[in-house]
Amino acid sequence: MDRSGFVIQTPELASLAVTGTSERFPVRRIYCVGRNYVAHVREMGGNEERDPPIFFQKPADSIVADGGTVPYPTRTEDFHHEMEMVIALKSGGSNIAEAQALDHIFGYGVALDMTRRDIQGNGKPWEIAKSFDHSCPCGPITPVEKSGHIASGEIKLTVNGETRQVSDIDLLIWKVPEIIANLSTYFELKAGDIILTGTPHGVGPVKPGDVLVGTIAGLEKLTVHIGDRQA
Ligand code: MN
């Protein structure tokens, strides 16, 4: 993008690696779905009925690339991992029908919805619990032509080699087409939007020095390091 006409210069557009190419996937917005696996809803003390999906956003520049470091954030003593599958959109719209939703997907990936759990109070805004700097480690996006659409398969997170979260994508309460259709009734989705689809059970704390490895069957894995506490 030519920014020579701007009065100041800003950081580069956020982007993600694309499996099998040197080209990048540009990120416009990051949407996230809350409470989308029954066993995770239970562990958070919620109602396990199929409630309407909860949506929130993270800033695009909260992305941490594969192999990167997430500094342990300020003002939390309970910093948690949430392992999630990512949908990357190549096109968008409003009121997208479920039957057309998959047509808007460029590819899929692996991400972490890092969370200051002790600040995620019920009834309070989730902004500082969920949408802080470096809160969205995200691996390469694998194009649909390579992976096919991901509706099932193992989703797993290890911390220092120990399995912390393991489930299956087919246990999503709101499936991928339903997520896109529902979200597009609230926001006009556009090319470059990515959607984190929610975490399975097993969320828990991390500490400086931890190494997190997230895998989803058929996709590129994500490795991130937890850095020192921020002053
Ligand atoms: Mn989450």
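Me: What makes the loop between α3 (127–130) and β11 (136–138) the place to look for H134?
Reply: In this predicted model, H134 is found in the loop that runs between helix α3 (127–130) and strand β11 (136–138). Its phi is positive, about 65°, although H134 is not a glycine. Most residues other than glycine have a negative phi.

Me: Why is H134 called partly exposed?
Reply: The relative accessibility of H134 is 35%. Buried means under 20% and exposed means over 50%, with partly exposed in between. H134 therefore counts as partly exposed.

Me: How do you know whether R35 is buried, partly exposed or exposed?
Reply: R35 has a relative accessibility of 40%, so it counts as partly exposed. R35 lies in the loop between β3 (30–34) and α1 (38–43), and its phi is near 50°, a positive value in a residue other than glycine.

Me: What is the space in the largest pocket, and which residues are the closest to its centre?
Reply: About 200 Å³ of space lies in the largest pocket. Of the 14 residues that line this pocket, R35, M44, R117, Q120 and W126 are the closest to its centre. The lining divides into three nonpolar, seven polar and four charged residues.

Me: Why is R116 called buried?
Reply: R116 has a relative accessible area of 9%, and buried means under 20%. R116 is therefore buried. Its place is in strand β10 (residues 115–116). Leaving aside residues up to four places away in sequence, R116 touches residues including P73, D78, F79, I128 and F132.

Conventions. Residues numbered from 1 in each chain as written. Predicted model: local features only at pLDDT ≥ 70, side-chain atom pairs only at ≥ 80, totals over all residues. Heavy atoms only, no water. 1 Å grid on protein atoms, 1.4 Å probe; cavity = no way out; pocket = protein on both sides within 12 Å on 5 of 7 lines; lining within 4 Å. Points joined across faces, edges and corners; volume = space filled by probe spheres on them. Nonpolar A, V, L, I, M, F, W, Y, C, P; charged D, E, K, R; others polar. Helix = DSSP H or I, 4+ residues; strand = E, 2+ residues; numbered from the N terminus. Buried < 20%, exposed > 50% of the residue type's maximum accessible area, 1.4 Å probe, protein only. Contact = heavy atoms within 4.5 Å.
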